[in-house]
Amino acid sequence: QHVEQDCVEKEIECPFVKYKCVGLMKRKNLRNHLEEKRIEHLELKVDTMQECMLEESAKQKEKISELNTTIETMSRKMKSLEKEVEILTELSKAIKLVWRITKVPESGHFSSQELFLVARYYLSFDFYYSSDLQIRVYPQIGPSDNELKWPFKAKFVTHLSSQSNPGNIKKFRSEVFEWKREDFKFVYD
C-alpha cells in the first residue's frame, strides 16, 4: 500500500493523461512536471474539449437530420390525411339517398320505414301520409358509434317525385338535424 499510494520513488502517470499527456515520472517529480507543462496541459485540455464538442456536434447534426426526415414524412402523411378528411367531409355533405317507395295508394293511409347507413351513422327514415305528408329521420345505434363524432349534424333536403311523372320533382322540405347519442329512437340489430 505504501508503494502504491505514498512512495515518492514510484513511477506514475501525469494526471493529464486523460487529455493525452504522455508524461511518466516519479511521484516526487510530479509537482515540477505540472508546473513546467502547465501551458501544454491547458492546450491539451482545450484540444480534447474541442474534439469532444466536434464529435457531439456531428452527433447532433445527424440527429437533427433524422428528425427533419421524420418531420417531412409526418408532414406528408398529415397533408394526405387532411386531404382525405376534406374529401370525406365533402362527400358527407353531398351524400344523396334515393329511396323509392313503391305501391303507394292514391288515397288513404300509408307508411314506410327504411334504414340507411350514412357516413357510418345508421339512420332510420319514416315516410307517412294520410291527410298530410310526414318524413322523419331518427339515428339508430350502430357498431361504429364509439368511433364517430357526436353530436352528429346533418342537413336533409327532401325531394319528392311522382312515379307516374318522374320528371316532376318537388322540394318538400329542408331541415338541419343535430343528434346526440342519447337521442336514439331505435336499436340497430
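K26 is partly exposed, at 30% relative accessibility. Partly exposed lies between buried, under 20% relative accessible area, and exposed, over 50%, with a 1.4 Å probe and protein chains only. The model is predicted: local features need pLDDT of at least 70 and side-chain atom pairs pLDDT 80 or more, while totals for chains, interfaces and linings use all residues. Residues are numbered from 1 along each chain as its sequence is written, and side-chain values use heavy atoms, without hydrogens or water.

Start with the charged side chains. How many salt bridges does the rule count? The count comes to 4. The rule asks for a side-chain nitrogen of Lys or Arg within 4 Å of a carboxyl oxygen of Asp or Glu.

K26 bridges to E9, and the closest N and O atoms are 3.0 Å apart. This pair links distant parts of the chain. K26 sits in strand β2 (residues 24-26), E9 in the loop between α1 (2-5) and β1 (11-13), and 17 residues separate them. Helices (H or I, at least four residues) and strands (E, at least two) are DSSP runs, numbered from the N terminus. E9 is partly exposed, at 38% relative accessibility.

E9 also meets K28 in a salt bridge, with 2.9 Å from N to O. K28 lies in the loop between β2 and α2 (30-36) and E9 in the loop between α1 and β1, so this bridge ties together parts 19 residues apart in sequence. K28 is partly exposed, with a relative accessible area of 46%.

Now turn to E40 and K37. Their side chains form a salt bridge with an N to O distance of 3.3 Å. E40 is partly exposed, at a relative accessible area of 40%. K37 is partly exposed too, at 28% relative accessibility. Through shared partners, salt bridges join E9, K26 and K28 into one network.

Next come the rings. A pair of aromatic rings is described by the distance of the centres and the angle of the planes. The search of the whole structure finds 1 aromatic pair. F16 and Y19 form this pair, 5.9 Å centre to centre with 45° between the planes, and the pair is tilted. Rings of Phe, Tyr and Trp (its six-membered ring) pair with centres within 6.5 Å; planes under 30 degrees apart are stacked, over 60 edge-to-face, the rest tilted. F16 is partly exposed, with a relative accessible area of 22%. Y19 is buried, at 17% relative accessibility.

K20 stands out by its backbone. This residue is not a glycine, yet its phi is positive, near 80°. K20 belongs to the loop between β1 and β2.

Further along, F116 lies in strand β3 (residues 110-118). Is F116 buried or exposed? F116 counts as buried, at 15% relative accessibility. F116 and P139 are 23 residues apart in sequence, and their C-alpha atoms are 9.7 Å apart in space.

Finally, confidence. The chain has a mean pLDDT (the predictor's confidence in each residue, from 0 to 100) of 77, and 63% of its residues reach 70 or more.
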